[in-house]
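This briefing concerns a single protein chain and is intended for a reader working with its coordinates. Please examine the sequence and the structure below before turning to the points that follow.

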Amino acid sequence: MKIKSDVLTESEKNLFIEKILTHYHERDAKRFIEEFEQSSEERLRLIIARIDDGFAVLDHYGSIMTHGRFYVLKNNDFYRIGSDLIKGSKTHERAGTRVTSIQVNGFEKVTDENIRSNFEAINQFFALQAWNDALGIKS
C-alpha cells in the first residue's frame, strides 16, 4: 500500500464529515470541521494521508506516539482504528504504538489480518510523521 501526506478536496472533506456524522458523534464532526478550516496546509499534511483507493485522517495529532485514533475512508467503507503503546515500550523510546481495534461503518469489529496490516502501516506512518515533526525533520 502506498501512503503519502496530502490534503483533502472539498468534496472529500464533506464526505468525511458526513461519515463522522452518520457513524459517530456530532462533536467529532465539529472538531474536524474546525481543524480543516483553521489549520495550515502544512499542518493538514501531518494528519491526512492519501492511500490506495482512499484517505486516512488522524484524530488528536499530539497523542499518536502513545495512543491514538484515526479514520480511513477506503472503497466507500469508513473505518475507525485505535492504537495503543506496545507492551513494555516507553513513550519517548520510539513510535511504539500498534493497532488495537478496528471498526467498520460504526459497528462491526474487523479481524482480517490483511486489513489490520494495512492499517498498521498507516498507524506507523502517522507516528513517524509526528516524531519527525517533533524533531524538526521535514518529510
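This is a predicted model: local features need pLDDT of at least 70, side-chain atom pairs count only at pLDDT 80 or more; totals for chains, interfaces and linings use all residues.

Residues are numbered from 1 along each chain as its sequence is written, and side-chain values use heavy atoms, with hydrogens and water left out.

**Overall fold**

- The protein contains 4 helices and 7 strands; helices (H or I, at least four residues) and strands (E, at least two) are DSSP runs, numbered from the N terminus.
- Along the sequence, these elements follow the pattern β-α-α-α-β-β-β-β-β-β-α.
- Of the 139 residues, 45% are buried, where buried means under 20% relative accessible area, exposed over 50% and partly exposed in between (1.4 Å probe, protein chains only).
- The accessible surface comes to about 7700 Å², and carbon and sulfur atoms hold 49% of it; areas come from the Shrake-Rupley method with a 1.4 Å probe, and for residues only the protein chains shown count as cover.
- Among contacts (heavy atoms within 4.5 Å) with a separation of 6 or more, 52% join residues 24 or more positions apart.

- Leaving aside residues up to four places away in sequence, Phe16 touches Phe32, Phe36, Phe55, Val57, Tyr71 and Phe78.
- Lys13 belongs to helix α1 (residues 10-23) and is buried, with a relative accessible area of 17%.
- With the sequence neighbours up to four places away again excluded, Lys13 touches Leu8 and Phe36.

- In strand β3 (residues 54-59), 6 of the 6 residues are buried.
- Gly54, Ala56 and Leu58 lie on one side of β3, and Phe55, Val57 and Asp59 on the other.
- Strand β2 (residues 48-51) pairs with β3 in the antiparallel sense over 4 bridges, and Ala49 stands opposite Ala56; two strands pair if DSSP finds at least two bridges between them.
- β2 and β3 form a hairpin with 2 residues between them, and Asp53 in the turn has a positive phi of about 60°.
- β3 also pairs with strand β4 (residues 67-74), in the antiparallel sense over 6 bridges, with Lys74 as the bridge partner of Gly54.

**Salt bridges**

- The whole structure holds 11 salt bridges, each a side-chain nitrogen of Lys or Arg within 4 Å of a carboxyl oxygen of Asp or Glu.
- Glu12 forms a salt bridge with Arg50, the closest N and O atoms being 2.6 Å apart. Because Glu12 lies in helix α1 and Arg50 in strand β2, the pair ties together parts that are 38 residues apart in sequence.
- Asp28 and Arg31 form a salt bridge at 3.1 Å between the closest N and O atoms; both lie in helix α2 (residues 26-38), 3 residues apart, about one turn of the helix.
- Asp28 is buried at 4% relative accessible area, whereas Arg31 is partly exposed at 26%.
- Arg69 and Asp59 meet in a salt bridge (3.5 Å, N to O). Arg69 lies in strand β4 and Asp59 in strand β3, so the pair ties together parts that are 10 residues apart in sequence.
- Arg69 is partly exposed at 30%, and Asp59 is buried at 2%.
- Salt bridges that share partners join Asp6, Glu12, Glu41, Arg45 and Arg50 into one network.
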